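Colleague: Could you walk me through this one slowly? I'm still learning how to read a fold.

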Amino acid sequence: MLPGDDELWYLPLGGTGEIGMNMGLYGHAGQWLMVDCGVTFRRAGEPGPHLQMADPSFISARRDRLAGLLITHAHQDHIGAISYLWPQLRCPIYATRFALELIRPKLAEVGLLDRVPLHEVSAGQRTALAGFNVEWVNVTHSTVQCQALVLRTDAGSVLHSGDWKLDDQPVVGARYDVDALIRAGDEGLDAMVCDSTNANVSSNSVSEAVLEAGLLAAVQGASGRVIVGCFGSNVARLVTLARVAQKTGRYAGVMGRSLEMYYSAAKAAGEWPSDLKLVDAQHLGYLPRAEVLAIATGSQGEPRAALDRLAADSHPAFSIDPGDRLVMSARVIPGNEDAVLGVVARLTELGVEVVRDGDTDAPIHASGHATVPDLERLYGWVRPRVVIPQHGEPEHLKAHGALARRLGVSRQLVGRNGDLFILKPQTVLRRAAVQVGRLGIEREQVVRVE
């Protein structure tokens, strides 16, 4: 099963019909490119290993035809499976410096760092791989150095959006490259494979810059420590919280491995402001309570994350005292509701005040994904002939397809993992063309999820 010289294919193995474990393949002239290689987490109550990823068996059986793995950005649902699956792929990896700062340590942990060919790319660069010419286009999202991809071939061209929204004030990192997007549209795009996470949300997306006022209000007036639960990968949120700490006379520190990793990667990649300092988490317990702003992992109720350990009074940094305040600066991912409620309930029993989004006049959380107004602007710039909604559950994909139809896109191909989208020379959708499945991690070993 190989594409011909006049063909351009898209084959998702993960991330289409679901949110998480992204893995897509583009095929042309007998060669393949993989885009992203991420993980997901088992939902509460479901069987199987906690950490899961797409099964790459289809492409690992053809790895001599796999020209490279392209990384759009450094979220774990896009990079988290690399260290587990690379031995099955054995291809070069192309990513921005920030993403590589997070990929390298994971490869080192499993003894692969010296074996994997890693290539640093930057926004605006073009990379020739087999029969593909790849243009890296900066977009804004909830972490830094995020890239859309314009894939040009002799058969046709496609825009792979990655995860994105149109944030005109991204706090850190570069703004989205509207000129590159318009240029790709003017050249003529045969298709766009596009993020659908918020395709059913009609309101305007919220800029990261807007959140400082709400977070400042949530922190001001607290008599004890302030603990903020947020996603560890959101560098802009960390910067905003560090500035809030400065303005409220507090010392900010991060608690949890993922926060430490992303903070370190941001510094190494030149994305952390030089005037902002964080204190070591182990010092937070020695400071007066009214001078502490602790930024903690565990906003999704994850076991053994910082918030869970604080709720169990087992965190080495400090113990919760009545009057401490918890600020939840994160949305709850569907499926995690019970776990989050459980952690918050245990913290409340310890006397913690809880501030959620909506409790302040200004927002304290912003999604990193495009809502309908952002999608409308993007379609006006790029004008693809075909759209393939991806990165979303069925309701999101369906809403995205309906939106694209309303905006005049001639074909909307709404499919699932394992469907083959033939984009050129004719547009054809072959359902269940490839068998797909999941792998998981048990005792540091890759196992098949039944």
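Colleague: Tyr10 and Phe421, are they buried or exposed?

Modeller: In this predicted model, Tyr10 and Phe421 are both buried.

Colleague: And how are the two rings arranged as a pair?

Modeller: Tyr10 and Phe421 form a tilted aromatic pair, with 6.0 Å from centre to centre and 40 degrees between the planes. The pair links distant parts of the chain, since Tyr10 lies in strand β1 and Phe421 in strand β21, 411 residues apart.

Colleague: How many aromatic pairs does the structure hold?

Modeller: The structure holds seven aromatic pairs. Another of them is formed by Tyr176 and Trp381, which are stacked at 6.1 Å centre to centre, with 25 degrees between the planes. Here too distant parts of the chain are linked, with Tyr176 in the loop between β12 and α5 and Trp381 in helix α11, 205 residues apart.

Colleague: Why do you count Trp381 as buried?

Modeller: Trp381 has a relative accessible area of 15%, and buried means under 20%, so Trp381 falls within that class. Tyr176 is buried as well, with a relative accessible area of 4%.

Colleague: Switching topic, what is the strand order in the open sheet of four strands?

Modeller: The order is β4-β5-β23-β24, and the pairing is antiparallel. The edge strands are β4 and β24, each of which pairs on one side only, and the twist averages 40 degrees from one strand to the next.

Colleague: Which helix packs on that sheet?

Modeller: Helix α3, residues 82-89, packs on the sheet and touches β5, β23 and β24, while its direction makes about 35 degrees with that of β5.

Colleague: And over how many bridges do β23 and β24 pair?

Modeller: They pair over five bridges in the antiparallel sense, and if you look for Gly440, its bridge partner in β24 is Val447.

Colleague: Now α7, is that helix mostly covered or uncovered?

Modeller: Helix α7 is mostly covered, as ten of its 13 residues are buried, among them Val235, Leu238 and Leu241. The elements that cover those buried residues include α4, α6, β14, β15, α8 and β16.

Colleague: How far does α7 reach from its first C-alpha to its last?

Modeller: Helix α7 runs over residues 235-247 and reaches 19 Å, close to the 18 Å expected at 1.5 Å a residue.

Colleague: What happens at the start of α7?

Modeller: There a side-chain oxygen of Asn234 reaches to within 3.3 Å of the backbone nitrogen of Ala236. After the helix comes Gly249, whose phi is positive, near 70 degrees.

Key. Residues numbered from 1 in each chain as written. Predicted model: local features only at pLDDT ≥ 70, side-chain atom pairs only at ≥ 80, totals over all residues. Heavy atoms only, no water. Helix = DSSP H or I, 4+ residues; strand = E, 2+ residues; numbered from the N terminus. Expected span 1.5 Å × (residues − 1). Buried < 20%, exposed > 50% of the residue type's maximum accessible area, 1.4 Å probe, protein only. Contact = heavy atoms within 4.5 Å. Polar contact = N/O pair within 3.5 Å; in protein donor to acceptor, adjacent residues only side chain to side chain. Pairing = 2+ DSSP bridges. Axes fitted to C-alpha atoms, helices over the stretch in contact; angles between N-to-C directions. Phe/Tyr/Trp six-rings, centres within 6.5 Å; stacked < 30°, edge-to-face > 60°.
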